[in-house]
Amino acid sequence: MKKEKIILTGDRPTGKLHIGHYVGSLRRRVELQDSGLYDRIFVFEADGQALTDNIDNPSKVRSNVMEVALDYLSVGLDPSRTTLFIQSQVPELCELSFYFLDLVSVARLQRNPTVKTEIGMRGFGEGIPAGFFTYPVSQAADIAAFRATHVPAGEDQEPMIEQCREIVRRFNHIYGPTLVEPEIMLPDNSACMRLPGTDGKAKMSKSLGNCIYLSDSADEVERKVRSMYTDPGHLRVSDPGKIEGNCVFTYLDAFCRPEHFGRYLPEYASLDELKAHYRRGGLGDMKVKKLLAAVMQETLEPIRQRRAEFEKDIPSVYEILRKGCEQAREVAAATMSDVRRAMRINYFEDMSLIDEWQSAGKEE
Ligand code: TRP
């Protein structure tokens, strides 16, 4: 049998998604969906994982489950081709995690560099939640339960995929070939980059207030672009300007295509020409920002329109999620059934157990 190609990836629903998510992952997911090269695609909201450091604030996660679903649908994930589901609604994932936890050591978990960094950032001190510490195991279960072969994710997720592969390998070694080792699909750098915040800081983050959200109105986008950080040394239009670290150009790298020049700034043929002029001096920030604003609006307008449609019909979004969870559960249940059989804990599916117990009694 030809090996199926199955994609699984997801996000923690801890906030609305922004253009950093769009450039870094969402855009690519839609391309993968549209490529027709994959037998099955799952995109899910890891609400259980989000709760590992939000257990005292479940309402935050609950409200963002709908926000993120709207973000998914508005960028063009299509529920007839991509199964959209919510982690907590697939209890088989907990069951698989429960056994996976025995296939990894505490020392191995402590070595996971991504979790180490996250623990540091969150300042848990002595109070690291055990569920947070072990979330790579739950993530391994997410992947294995759907027999995912490909996991599109950023570099920060590499240690998670490696840990998943180790767990799967160990499982298959002990119980016979049952589960699939996934591989990570890293972003190809030109198209999927990490966007800095509008203030030039390395990352977009809600707490820094430097995000442009997919759900922002046209006015908000306009305002945010106009107040973006550029090159602080570029005071007069005639001054030479820097491109490096100038996030207006970083955003143009991510969003601007050659045809945009014809539409919005025909005096230039390409982004390279525009950059060269900026470097030489004589090109004002406002002109570049106007181009960026136009490009952003062109990119975001169809997303906003789709969102508005879905927002008008929340019951249909609810239904999409409900159906997605149902479909996901079917797939995970089939894997769990194989897992229980392999582990020989499928007691009530296995009538030979009666004989085993009966003859064991007689031997005494
Ligand atoms: N850890 C991922 C994140 O923070 C979310 C996630 C959970 C995930 N389970 C996954 C991603 C499985 C890919 C595959 O973004």
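## Exercises on the ligand shell and the nonpolar core

The shell around the ligand in this predicted model is made up of five nonpolar, five polar and two charged residues.

**Exercise 1.** Sort the residues around the ligand into nonpolar, polar and charged.

*Solution.* Start with the members of the shell: Leu8, Thr9, Gly10, Arg12, Phe44, Ala46, Gln49, Gln139, Asp142, Ile143, Val151 and Gln157. Next, apply the classes, in which Asp and Arg count as charged and Gly counts as polar.

**Exercise 2.** Which side chains have a polar atom at 2.8 Å, 3.0 Å and 3.3 Å from a nitrogen atom of the ligand?

*Solution.* The cut-off for a polar contact is 3.5 Å between N or O atoms. The side chain of Gln49 has an N or O atom 2.8 Å from a ligand nitrogen. For Gln139 the distance is 3.0 Å, and for Gln157 it is 3.3 Å. On its own the ligand has 360 Å² of accessible area, and the protein covers 89% of that.

**Exercise 3.** Which residues touch the most other members of the largest nonpolar core?

*Solution.* This core has 103 residues, and the answer is Ile19, Phe85, Phe100 and Leu274. Helix H15, residues 314–343, gives the core its largest share, ten residues. Now take Leu274 and leave out residues up to four places away in sequence: its contacts are Phe249, Leu252, Phe261, Leu265, Tyr268, Leu283, Val288 and Leu291.

Definitions and conventions:
Residues are numbered from 1 along each chain as its sequence is written. This is a predicted model: local features need pLDDT of at least 70, side-chain atom pairs count only at pLDDT 80 or more; totals for chains, interfaces and linings use all residues. Side-chain values use heavy atoms; hydrogens and water are left out. A residue is near a molecule or strand if one of its heavy atoms lies within 4 Å of it. A polar contact is a pair of N or O atoms within 3.5 Å; within protein, one must be able to donate a hydrogen and the other to accept it, and residues adjacent in sequence count only if both atoms are side-chain atoms. Accessible areas come from the Shrake-Rupley method with a 1.4 Å probe; for residues, only the protein chains shown count as cover. A nonpolar core is a set of buried Ala, Val, Leu, Ile, Met, Phe, Trp, Tyr and Cys residues joined through side-chain atoms within 4.5 Å. Buried means under 20% relative accessible area, exposed over 50%, partly exposed in between (1.4 Å probe, protein chains only). Helices (H or I, at least four residues) and strands (E, at least two) are DSSP runs, numbered from the N terminus. Contact means heavy atoms within 4.5 Å.
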